Amino acid sequence: MTKHLLIVDLEATCWDGDVPGLNRRQTVEDMEVIEFGCVVADPDGTVVDAQSFLVRPVLRPQLSAFCTELTGITQQQVAVAPVYAEVVLAVDAWLAKYQPVCWASWGEYDRRQLEAEQQRHGCAPKFLALPHKNLKQLWREGRAAKRRSGLQAAFAFHGLVFEGRYHRGIDDARNMARLLPWIPL
């Protein structure tokens with residue numbers, strides 16, 4: 001039986017500058033998840049299943065123009081999306097048939113954001129209890145330490161063309177799966 005991994009890329013509320021009403025830059029505590037981009041993949045990068053789950057933010061329900069421009073996620077889309085706790089249940093239900101052995105993201109942001117959401121909402125997707133793999137860190141191993149390690153830089157390094165929209169959770173997660181052949185898991 002193939003051991004699947006779950007690749008997660010979150011998109012969250014964001015601002016170009018200070019958080020409205022706070023007069024400071026954003027932290028994960030200020031941001032709210034607006035998309036779970038989830039891909040179940042084999043270690044060789046084969047995508048088994050993929051799903052985007054949109055989330056309605058409640059602390060600051062109005063998306064900034066910057067956030068919409070960055071992610072392509074519109075106010076209309078999140079306005080009709082379920083709230084975080086409902087999406088967590090949907091993610092868990094979708095993922096139940098795969099039982100991944102670990103979950104992965106590009107960097108630590110996604111893990112930290114989920115931990116902040118757990119504090120805020122008192123719930124978390126079940127996959128948060130699985131071991132986490134930082135694909136960015138793993139990709140950098142054995143490469144020049146000063147090499148740029150953003151997702152787009154990794155694609156350029158391997159001569160790949162990014163597919164879809166950068167900063168859209170589902171597209172970022174699918175593209176991370178394409179890099180798995182070059183990442184020691």
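A cavity is a set of grid points where a 1.4 Å probe fits but cannot get out. In this predicted model, the largest cavity has a volume of about 40 Å³. The largest pocket holds about 480 Å³ of space. Strand β1 (5–12) supplies 4 residues to the lining of that pocket, the largest share.

**The largest cavity**
- The count comes to 1 cavity of 30 Å³ or more.
- Glu32, Val33, Val55, Arg56, Pro57, Val58, Tyr84, Glu117 and His121 form the lining of the largest cavity.
- By class, this lining has 5 nonpolar, 1 polar and 3 charged residues.

**The largest pocket**
- The pocket has 21 lining residues, and Asp9, Leu10, Trp106, Tyr109 and His167 lie nearest its centre.
- At least two lining residues come from each of β1 (5–12), α1 (65–71), α4 (109–121) and α7 (169–179).
- The lining divides into 11 nonpolar, 4 polar and 6 charged residues.

**Strand β1**
- Of the 8 residues in β1, 8 are buried.
- In a regular strand, side chains alternate between the two faces of the sheet.
- Leu5, Ile7, Asp9 and Glu11 point one way from β1, while Leu6, Val8, Leu10 and Ala12 point the other way.
- β1 runs antiparallel to strand β2 (residues 33–41), and 8 bridges join the two.
- Within this pairing, valine 8 stands opposite cysteine 38 in β2.
- β1 also pairs with strand β4 (residues 102–105), in the parallel sense and over 3 bridges.
- Cysteine 102 in β4 is the bridge partner of leucine 5.

**Salt bridges**
- Side chains of opposite charge can pair when their charged atoms come close.
- The model has 6 salt bridges.
- Glutamate 108 and arginine 111 meet in one of them, at 2.5 Å from N to O.
- Glutamate 108 counts as partly exposed because its relative accessibility is 23%, and arginine 111 is also partly exposed at 23%.
- Glu108, Arg111 and Glu115 are linked in a network of salt bridges.
- Arginine 120 and glutamate 117 form a salt bridge at 3.2 Å, N to O.
- These two residues are 3 apart in helix α4, so about one helical turn separates them.
- Arginine 120 is partly exposed at 26% relative accessible area, whereas glutamate 117 is buried at 1%.
- Arginine 178 forms a salt bridge with glutamate 163, with the closest N and O atoms 3.8 Å apart.
- Arginine 178 lies in helix α7 and glutamate 163 in the loop between α6 (151–157) and α7, so the pair ties together parts that are 15 residues apart in sequence.
- Arginine 178 is partly exposed at 24% relative accessibility, as is glutamate 163 at 49%.

Key
Residues numbered from 1 in each chain as written. Predicted model: local features only at pLDDT ≥ 70, side-chain atom pairs only at ≥ 80, totals over all residues. Heavy atoms only, no water. 1 Å grid on protein atoms, 1.4 Å probe; cavity = no way out; pocket = protein on both sides within 12 Å on 5 of 7 lines; lining within 4 Å. Points joined across faces, edges and corners; volume = space filled by probe spheres on them. Nonpolar A, V, L, I, M, F, W, Y, C, P; charged D, E, K, R; others polar. Buried < 20%, exposed > 50% of the residue type's maximum accessible area, 1.4 Å probe, protein only. Pairing = 2+ DSSP bridges. Salt bridge = Lys/Arg side-chain N within 4 Å of Asp/Glu carboxyl O.
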